[in-house]
Amino acid sequence: MDHIAQNGFAHSVPGRTYSHPQTEEKLRHLNLVLQAMRDINQLIIQETDRRRLITHTCRILVKTRSYYNVWVALLDGMGKLTMAAQAGLGKSFSAMRRRLRKGSLPQCARAALRESVPIVTADPASDCRDCPLAQEYGGRGGITARLEYAGRVYGLLCASIPLDLASDPEERTLFMETAQDIGLGLHKISLEEERRQAEQDVEKRVREITCLYTIADISERPGITQKELCQQVVQILPQSWQYPDIACARITIGGREFVTPNYREPAHRQSTELVVNGEMMGQVEVGYLGNPPTCDEGPFLKEEERLIEAVAEQLGRITEHAIAEEALRHSESRYRALFQSAGEAIFLCSADGTIISVNRACQALTGRSTDRLEGTDIRQLFSPSERDFLNRLITVETGGEDSAQVEEFRMVRSDGAEAIVRLTIAPLPGTDLPAALQVIALDVTEERRLRQNMQYYIGQITRAQEDERLRISRELHDDTAQTLAGLSRDLGLVISRSPGLPEAATARLDDLRRTVDAALEGVRRFSQDLRPSILDDLGLLPALEWLVSKLETEYGIKGKLILTGEPYRLLPEQELSVFRIVQEAFSNVRRHSGATAVDMTIDFGEDAVTVILSDNGRGFSVPSRASDLVRSGRLGIVGMRERARLISGTLIVQSDIGKGTTVTLRVPR
Amino acid sequence: MNKIQVVLADDHMLFREGTRRVIEQEPDLEVTGEASNGEEAVRLVSQLRPQVAILDIAMPGVNGIEAAREIKARNPSTAILILTAYDNDQYIYAMLEAGAAGYLLKNVDAEELTSAIRAVHAGEAVLHPAIARKVFGHFATTHSAAAATPPCTLSDREMEILKLAARGMNNQEIARRLFLSRRTVQSHLGNIFSKMNVGSRTEATLQAFNMGWLSTEDIS
């Protein structure tokens with residue numbers, strides 16, 4: 001028979017009338033089934049509860065008497081029953097339910113699960129031996145299909161129908177479609193459930209994030225204290241929990257306690273440690289005052305455990321940060337105080353020389369106020385001739401903290417006066433600071449002037465000393481020596497011109513003469529030591545030779561003189577100074593060294609005369625600073641250096657204990 | 001008899017006067033000029049051409065040694081005696097290099113002074129032999145790089161006499177050695193001095209030495 005199903009209804013083909021009762025019966029049945037399907041579709045659209053869905057489905061299917069009885073079983077992945085519904089079976093279904101619960105499926109069910117098409121059982125009463133419902137079929141057939149949608153199997157649909165219908169392919173197709181529709185409905189419900197679950201999860205996550213974000217927000221409010229932070233955070237905690245109305249919270253940190261107004265000993269509590277810089281400082285606690293609605297996981301969700309830990313961690317971090325900031329502020333303010341109060345002027349500059357920050361002393365030094373200094377180029381403070389060199393110092397890549405450079409420059413103050421300033425330029429560590437250079441300026445003008453004055457005075461004193469010596473020496477020579485010489489000669493004359501003198505008298509006169517000669521000798525020697533005329537009469541070289549020979553004759557120290565180059569004359573002042581320096585050096589050799597031999601090398605070079613004296617004495621440890629020399633009583637060396645400096649020369653003293661001493665004097669022409 | 005003419009140079013007036021008196025006491029000596037500084041000394045010697053000039057070293061402006069050099073350049077035959085307070089080697093070398101015949105210490109007595117004047121005029125040595133040797137020794141080391149040896153202008157006899165003189169013999173001893181009279185020796189020396197353009201034995205020996213006519217062996 002053909003008939004076309006359109007819009008769920010079977011329409012009779014126009015022009016053909018069937019009056020076969022069997023056909024009419026079948027047609028009517030199909031109509032009922034389609035109607036049932038339509039009803040089921042409606043159900044599917046609306047129903048959100050599984051149990052209701054399958055229960056109503058069964059009822060619909062049976063109601064229209066399209067099927068005698070129907071049962072639906074929802075199975076989990078293991079094949080175990082999760083839910084079942086039936087219609088038309090009544091209490092006799094309980095046996096099936098029990099069996100299904102155990103996971104034991106009847107034969108038809110097993111077969112149906114394997115197939116995507118319905119399984120028909122012609123005579124369940126005899127074929128389905130193990131089915132508790134076998135007897136319920138009462139001569140009718142059974143048809144079972146699996147509930148399936150989008151590749152997922154949800155369970156089974158089993159119905160009892162007239163046998164002849166059971167074998168009808170259309171019947172089976174319809175049944176299958178019914179099963180699929182139910183499958184779809186179940187699928188829809190599943191999706192909905194999943195969606196809702198996801199929504200809830202998102203909500204929970206949003207609550208978590210909001211909570212943490214709010215805490216961060218609070219902590220960033222300017223000027224907020226830790227106390228205020230904790231007070232505010234503790235208030236917002238309950239909102240982020242599942243049941244905010246019965247939730248309370250408490251934060252303890254560093255001995256202080258912050259609670260929500262409703263706080264009291266909670267019935268259920270969740271807490272975690274608050275750790276700051278590795279040390280336990282307190283705890284964060286959230287509790288439910290009453291009993292929350294039961295939940296599988298306990299009163300608190302896993303997410304809430306995570307959240308409370310996240311909150312504690314966040315508070316811990318914020319506290320650490322605050323502590324670090326405080327320490328930094330403290331050290332910064334200490335630095336600031338130091339910076340400002342430093343006696344030396346300190347300029348902090350960027351890498352290109354722009355002044356970023358100055359301390360008080362800078363104003364005093366430069367005569368300019370902070371405003372006029374900051375933002376200007378530090379090079380502007382110095383006289384134009386210095387800027388080049390200063391440039392190089394500033395722009396050269398200095399490496400490391402130890403590479404500070406020290407140089408003296410002439411600074412021009414705001415009133416036009418010049419100051420000599422010693423600059424120490426060092427790079428500042430840390431590349432993200434605006435200041436890259438630290439320039440410390442020390443006003444050494446006074447020091448320099450004092451030093452210059454001192455040198456000037458030394459020069460004056462030395463000259464005066466020499467003049468004095470010369471004067472005394474001359475007087476001794478001209479006056480005293482001459483007188484004595486004359487006396488000696490006159491005495492001689494007396495002796496020679498007085499032949500009649502008694503012997504005693506002659507002898508006495510002779511004695512007197514010898515005494516006078518001795519005195520003369522003494523005066524001569526003294527005068528020579530004061531100011532050797534050999535230097536003035538014959539020049540430096542003979543004078544030095546004389547010193548060497550004197551060292552030998554008077555003190556037994558062997559001297560050797562080596563001459564290189566063509567001798568020439570220096571200025572009288574220079575020759576005198578060289579002589580004095582060598583004189584002093586020899587005096588040191590005599591007094592301190594215990595040497596037995598001295599070598600003197602004199603080189604008349606193109607640009608300078610170099611005199612090198614070295615002895616084989618016991619040597620001494622040469623202090624590197626002039627002040628140490630003075631302290632150790634070695635004024636002689638200081639004097640020698642000064643004399644050398646006065647004639648634009650240089651003096652180097654090298655010595656080591658046990659290795660003798662070498663003095664090198666170099667005087668430019 | 002011609003007196004030996006002497007020019008005195010000393011910046012010390014009193015001393016100069018004293019010296020002059022001492023010299024003038026002697027009948028055979030006379031002071032023809034007095035200078036108080038080196039420049040004046042040079043001028044006077046040029047003017048008066050004395051046989052002997054007595055110079056102090058320490059004089060203002062041009063000192064005695066420089067004056068000696070100048071005088072020797074202009075009046076080589078004038079013998080120079082340096083009157084000095086210092087007898088250290090450096091002075092002696094410098095003096096002799098400048099052309100002095102000898103030196104006297106300031107506290108020398110009248111007799112020594114006058115006999116020295118006579119001696120130098122007679123061509124005798126006024127330098128103690130030991131000192132002379134030391135001087136020659138010194139000059140040997142400092143003037144070793146002599147260029148070409150100029151040909152010896154002295155006769156053999158003259159050379160002989162010079163050698164003996166260099167050895168420290170006085171005129172009498174030389175005369176005896178060479179079987180000559182003292183006067184002859186003196187006269188020979190005068191010739192030697194003229195040929196060599198010097199005024200004293202010291203100069204002659206020194207120059208001969210410098211020119212390579214005499215060697216250290218000759219004087220040992």
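Trainee: Which residue just after H2(B) takes a positive phi?
Mentor: In this predicted model, the residue just after H2(B) with a positive phi is B:Arg49, and the angle is about 45°.

Trainee: And which residues in that helix are buried?
Mentor: Helix H2 covers residues 38-48 of chain B, and B:Gly38, B:Ala41, B:Val42, B:Leu44 and B:Val45 are buried in it. An α-helix has 3.6 residues a turn, so residues three or four places apart point the same way.

Trainee: Stepping back, how many helices and strands does chain B have?
Mentor: Chain B has 11 helices and five strands, and of its 220 residues 47% count as buried. If you take the contacts in chain B with a separation of 6 or more, residues 24 or more positions apart account for 65% of them.

Trainee: What is the mean pLDDT of chain B?
Mentor: The mean pLDDT of chain B is 86, with 95% of its residues reaching 70 or more. For the complex, the predictor gives an ipTM of 0.70 and a pTM of 0.52.

Trainee: Staying in chain B, at what angle do H8(B) and H9(B) cross?
Mentor: Helix H8 (residues 171-178) and helix H9 (residues 182-196) of chain B have axes that cross at roughly 110° and come within 8 Å. That angle makes H8(B) roughly perpendicular to H9(B), because 65 to 115 degrees counts as roughly perpendicular.

Trainee: Which residues make that contact?
Mentor: From H8(B) they are B:Asn171, B:Gln172, B:Ile174 and B:Ala175, and from H9(B) they are B:Arg182, B:Val185 and B:Gln186. By class, the residues of this contact of H8(B) with H9(B) are three nonpolar, three polar and one charged.

Trainee: New topic: how many residues of chain A are in contact with chain B?
Mentor: On the chain A side there are 22 residues, in contact with 20 residues of chain B. Four helices of chain A each supply at least two residues of that side, and they are H13 (445-497), H14 (503-530), H15 (533-538) and H16 (540-555). The largest share, 11 residues, comes from H13(A), and by class the side of chain A that touches chain B has eight nonpolar, eight polar and six charged residues.

Trainee: Where does H16(A) meet H4(B)?
Mentor: A:Pro542, A:Glu545, A:Trp546 and A:Ser549 in H16(A) meet B:Asp89, B:Gln90 and B:Ala94 in H4(B). Sorted by class, that contact of H16(A) with H4(B) has three nonpolar, two polar and two charged residues. The axes of H16(A) and helix H4 (residues 89-98) of chain B come within 9 Å and cross at roughly 145°.

Trainee: Can we do a sheet now? What is the strand order in the open sheet of four strands in chain A?
Mentor: The order is E9-E8-E11-E10 in chain A, with antiparallel pairing. Strand E9 (256-259) and E10 of chain A stand at the edges and have a single partner strand each, so one side of each is left without a neighbour in the sheet. From one strand to the next, the twist averages 15°.

Trainee: How many bridges are there between E10(A) and E11(A)?
Mentor: Strand E10 (residues 268-276) and strand E11 (residues 279-288) of chain A pair in the antiparallel sense over nine bridges. One pair to look for is A:Gln270 with its bridge partner A:Val286 in E11(A), and A:Val275 stands opposite A:Met280 in E11(A). E10(A) and E11(A) form a hairpin with two residues between them, and in the turn A:Asn277 has a positive phi of about 50°.

Trainee: Which helix lies across E8 and E9 of chain A?
Mentor: That is helix H8 (residues 226-236) of chain A, which runs at about 155° to E8(A). Helix H9 (residues 302-341) of chain A also packs on the sheet, where it touches E10 and E11 of chain A, and its direction makes about 30° with that of E10(A).

Trainee: Last one: why does A:Val439 count as buried?
Mentor: A:Val439, which is found in strand E16 (residues 437-443) of chain A, counts as buried because it has 24 C-beta neighbours inside 10 Å, and the cut-off is 20 or more. Leaving out residues up to four places away in sequence, A:Val439 touches A:Phe347, A:Cys349, A:Ile378, A:Leu423 and A:Ile425. A:Ile425 is 14 residues from A:Val439 along the chain, and their C-alpha atoms are separated by 4.6 Å.

Key. Residues numbered from 1 in each chain as written. Chains lettered and ligands numbered in written order. Predicted model: local features only at pLDDT ≥ 70, side-chain atom pairs only at ≥ 80, totals over all residues. Buried ≥ 20, exposed ≤ 12 C-beta atoms within 10 Å, placed from the backbone. Contact = placed C-beta atoms within 7 Å. Nonpolar A, V, L, I, M, F, W, Y, C, P; charged D, E, K, R; others polar. Axes fitted to C-alpha atoms, helices over the stretch in contact; angles between N-to-C directions. Parallel < 35°, antiparallel > 145°, perpendicular 65-115°, else oblique. Pairing = 2+ DSSP bridges. pLDDT = per-residue confidence, 0-100.
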